[in-house]
Amino acid sequence: MWSRLALKVGLLSAVLAQEERTKGRWHYLRSEKVIVWHTTEQAKLAEQVLAWAEETLQELVRALDYQPEVIFTVRLHPTPLAWAQQPTWKPKGTLSPTPTLVEVYPAATRRDLAAMVRSHLCGAFLEHLYFSEGLRLQNRSLLYMPDWFLWGFAYFWGEGWTVEDIARLQGLSDGTFRALMAPESAPSPLRKSLYKSLWFYLYRTYGQRKVLDLLYMTRLTRDIREAMEIILGLEEAALGEKWRAFLRELPGGKAGRDLVELVEQPLLAATVAPSGSEYAYATLDKGRIRYFLEAEEEIYELPGSWAWRSSYLEPEVPLAFSAEGDLAWLSYTLQGPVLWVKPKAKGPARPYLLPVVAVHSFSWMGSQALLLSALDREAKVRLYRFGLPSGPLSLIGEAQGDLIFPYEAGGAYWAAWQPDTNQTARLSLVWEPFRPVHRPPSGQTWDFLPFLPFYGVVGGWLITDTLRLALVDVCGWGVPWHFSRDTSFSVGLTDFPGLWRWAGSTGGKAYALYYRNGRLRLGALSLEGLRQSRTVFPSFQVAEAIQYRLQRRNTRLPETKPPPPVSPEPPSDTSRSYQALFYLFDEDIGRPARQRRQVPKPPAPASSAPSTPVSGLVPYHWLLWDLRMAPTLHPLMRLGWEIELIARDWQGAHEWRFRWVPYINLRSAELQLSYRHHKGRWQPMVELYRQSHFFSPQQYGRAVRHITWHGEVGLAYVFAPHWRTEGSLNLLLAQRYDIEGLRSSGQLNEAAWVGPRVQVRHARLSWREHLPWRGWELTLRGEIYYSRGRWDFPLLMAQAYHHQPLFQRGVLRLGATALWGGLRGRPLLLGGVPDWVNYDFLNRTQIPFLGTPGTYYLMPYFYLPGFPYHARRGRNLILGQAVLRLPLLAWREQPFLPTRSLYGFEWHLSYHVGTTWTTGNPFSQRNPIDAEYIYRPPLVISVQALKTPFLMSFGTGVLFRIMRLPIHLGVYWPVEEAMVGRPLFIARLGGDLVF
């Protein structure tokens, strides 16, 4: 019976697994220079992504006069959540290949998806421009590429200068500006807009040719500041001040006088019920998109929250109340978008999985249906009707283009429309604004509403008894626009910059989302100011935005041609002293093409790839993640050469690590092979480690070899991006060869140990270049081993570090470590610094080489600079430290434009205190810390003396990097028995400071 049940369960599991594999199979669509990975349902959308990627790549090749010798891969994830769960593919190390993989997800409109493909492909293209071919090693070591330079240009070239960027940046406070420009600031849409504003300023002031020359000169000089001075004739500080002045010119008056802010925290989307007493909103908090309902002065969290990684992008998450008070909102799962509907009466919300790719916006049709604007699997943005309570989803309308912000009244439909430009100029849809359109009850075609050219609908519709308003962009200054079938005019709100999206109306109030200090807020407005018509005059910023849009839409860079003869007076493209209301940014675009900055390569052999795209299944393969080779030092083995190679599969779920460290005496080595799974909440891991160390009789008194095999199988559970717990089972096989003893008696000591390990870790840090700059690190760990009827080597550890910036230039690190090992614990060695070149030992013979096999492998070093290695030994330990790290090259840094690594040269001050003991407490006289050993072979003399159990040290040092190899020079003073000892000079190689 049980065997039959097991057989049935096995067959069912195999069938389900096969169905899952078939459903999740990835396919590729390939042209000559681009490959698009997509799932089965995304075949139509992949064709558009391939076309956008090809045109973008051709545009970049012509503009920058550079042809990468690689094929770029664009992976189109099935849902935004699948993209958010994918580990960021960014190979590290000077020897690692430049990445060719671009990760995108289906945005709610084709315009946003095209802009995403353009931007991310441009970023990958620039990385090849700077870090490939013969420049890889030199530039990765010498050229620091800040995000504002690389990703600022990538998004500016891919998306352009948009009204949303201006809306975010107007009225930006100085404090927010400084926080955004800080190197440790996390990616965000506001930070992206700030970076793009700098490139728009360069573009409008110096022209496109100067911008491209700046990119190329940076490649040649390996220094952004030097390239600025050569191409623009400006120093970094001067350019930063001019750019800041440009930002202050953006329209940034105070919000409307009648505004009442309803929600204090920044939002992604919001909606207000017709009663005015309830409102719902979505937030992005600590890596999760969450939904809330505020009613009767209480806040309830709604279901449907989902993970979202910190990035320059935000998804569309619409919410809407019906006239009766029912609430609908949208979230995403790995299967696709989920529509949640909660009735006004208290009751549970009900989810509906929608058979579309993404949803941009929706509105209620009475109380029994919803009208949705959705990107479907045919790669079109069309209108659908979803009937309640259970569907179905039926097509309502489509046009030769995208339809968003739908609304239905009396059988007539209103929407915003963008033309389908795929057949003429594929990428022009990035620059086309959305136009208001209308479809009568009995018609099937959409008619244009009367509307001024060049503007576009950005914020949906506000419907009252007497008003039908659309929110229209005027270069980041949202203007309510009244529409009827035959007339249109702007109304009220002459002093409300940053208005962005309608959120409902009730009584005499209108609710809207608006930008304040870079983030969306929800506020209430009086409808009285919306009933009077007014005239909108285009400002200087409006003219620039329209001109940029038209130029990017209509202008194509010319093909590269041989340069004509040089004229006696070449055209000048220096900064323009006068700018009319409308002027041409690229007035010098017709200049002769730049001469090639490299020797022309011989023509490549004819490609075997066909001219038409081909498709097929994506084969399973591995990609190189990191390759690193560097010298290393071991406190006992001396000089070694570390080789590390990390490979991940193409989906980023599986990681393999190979690490080999041979030492210079050729008789010692370490080998590590490990596997980790990186997707999902449950993440398994396997590791195999072999250590072989030889100790010569000249240095240690006897010839000994330790060979240790360590295997670990574990499983980690990720509570949140910053919280994780791990449990593992460890197998330890230790062998010790006493070589002199083998010659006499043939004795071999070995033991096998097995035991569990549990660890909980919390790490919430912000980084500033190479430094953890702000945040906490907390670790709790416990482990023990069992062999031959006894438990041994117990260990309980608690460790905490806090990083706090000081004086805007340095960071203070406070750390505390406590370990308990009991009477049968492993020896804990206190003293010394890792990777110490001029190391020394105190009590060398007391290092436990000849204890229980396995002791040598398990004993940890805890570092107290100023003392020799093994200054104290015990079974328990307490260690505290305070380190102030100051980057010397940052003292003259301007608050704008961090164009170089701030921490290539660092000065630090540190103080350390610690102790170890075996029994009782640190002050117990039974502890061996009071014993002083005098080593005089063949005698070892022990002298008992009462000592203060705590050792202290203080000192200073500098850290600098040569070809990314950290070198640390310092001097430290030991303090023992309230006496300051002789200073100890330290020189070390390898990793960063461990203090």
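Colleague: Let's start with helix α10. How many of its 14 residues are buried?

Modeller: In α10, 13 of the 14 residues are buried, so the helix is largely enclosed by the rest of the structure. Keep in mind that this is a predicted model.

Colleague: What span should I expect for α10, going by its residue count?

Modeller: Go by 1.5 Å a residue: for the 14 residues of α10, residues 208-221, that should give 20 Å. The C-alpha atoms at the ends of α10 are 20 Å apart, which agrees. Then look at what follows: R222 comes after α10, and its phi is positive, near 60°.

Colleague: How does that reading work out for helix α2?

Modeller: Helix α2 covers residues 43-64, and at 1.5 Å a residue its 22 residues should span 32 Å. Its end C-alpha atoms are 31 Å apart, which agrees. As for burial, 16 of the 22 residues are buried, so α2 is largely enclosed by the rest of the structure. Just after α2 sits D65, with a positive phi of about 55°.

Colleague: Let me step back to the whole chain. How many helices and strands does the protein have?

Modeller: The protein has 16 helices and 52 strands. Of its 995 residues, 54% are buried.

Colleague: Where is confidence lowest, and where is it highest?

Modeller: Begin with the average: the protein has a mean pLDDT of 81, and 81% of the residues score at least 70. Confidence is lowest in helix α1 (residues 2-23), with a mean of 36, and highest in strand β34 (residues 669-677), at 95. The pLDDT is also below 50 over residues 557-574, a stretch with 21 contacts in the model beyond near neighbours in sequence. For residues 589-610, pLDDT stays under 50 too, and the model has 29 contacts for them beyond four places in sequence.

Colleague: Now sheets. What holds the strands of a sheet together?

Modeller: Strands in a sheet pair through backbone hydrogen bonds, and they can run parallel or antiparallel. Here's a case: an open sheet of four strands, in the order β14-β15-β16-β17, with antiparallel pairing.

Colleague: Which strands stand at the edges of that sheet?

Modeller: The edges are β14 (358-364) and β17 (393-397). Each has a single partner strand, so one side of each is left without a neighbour in the sheet. From one strand to the next, the twist averages 35°.

Colleague: How many bridges link β15 and β16?

Modeller: Seven bridges, in the antiparallel sense, pair strand β15 (residues 369-375) with β16. To find one of them, look at A374, whose bridge partner in β16 is R382. These strands form a hairpin with five residues between them, and in the turn A379 has a positive phi of about 65°.

Colleague: And what joins β16 to β17?

Modeller: Strand β16 (residues 381-387) is joined to β17 by four bridges, and the two run antiparallel. Among the bridge partners, Y384 goes with L395 in β17, while R385 goes with S394. This hairpin has five residues between its strands, and G391 takes a positive phi near 95°. Six of the seven residues of β16 are buried, so that strand is largely enclosed by the rest of the structure.

Colleague: What is the strand order in the open sheet that holds β18?

Modeller: That open sheet has four strands, ordered β18-β19-β20-β21, with antiparallel pairing. Its edges are β18 (401-409) and β21 (447-448); each has a single partner strand, so one side of each lacks a neighbour in the sheet. Two antiparallel bridges pair strand β20 (residues 435-439) with β21, and V437 stands opposite F448 in β21.

Colleague: Down to single residues, then. Is E777 buried or exposed?

Modeller: E777, in strand β39 (residues 771-787), counts as buried because its relative accessible area is 15%, and the cut-off is under 20%. Next, see what surrounds this residue. Leaving aside neighbours within four places in sequence, E777 is in contact with residues including R761, H762, Y801 and H803. The side chains of E777 and H803 are joined by a polar contact of 3.0 Å. R764 lies 13 residues away along the chain, with a C-alpha separation from E777 of 6.6 Å.

Colleague: Which side chain does H968 make a polar contact with?

Modeller: The side chain of H968 makes a polar contact with that of H908, at 3.3 Å. H968 is found in strand β50 (residues 965-976) and is buried, with a relative accessible area of 0%.

Terms used: Residues are numbered from 1 along each chain as its sequence is written. This is a predicted model: local features need pLDDT of at least 70, side-chain atom pairs count only at pLDDT 80 or more; totals for chains, interfaces and linings use all residues. Side-chain values use heavy atoms; hydrogens and water are left out. Buried means under 20% relative accessible area, exposed over 50%, partly exposed in between (1.4 Å probe, protein chains only). A polar contact is a pair of N or O atoms within 3.5 Å; within protein, one must be able to donate a hydrogen and the other to accept it, and residues adjacent in sequence count only if both atoms are side-chain atoms. The expected span of a helix is 1.5 Å times one less than its number of residues. pLDDT is the predictor's confidence in each residue, from 0 to 100. Contact means heavy atoms within 4.5 Å. Two strands pair if DSSP finds at least two bridges between them. Axes are lines fitted to C-alpha atoms, for helices over the stretch in contact, and angles run from 0 to 180 degrees between N-to-C directions.
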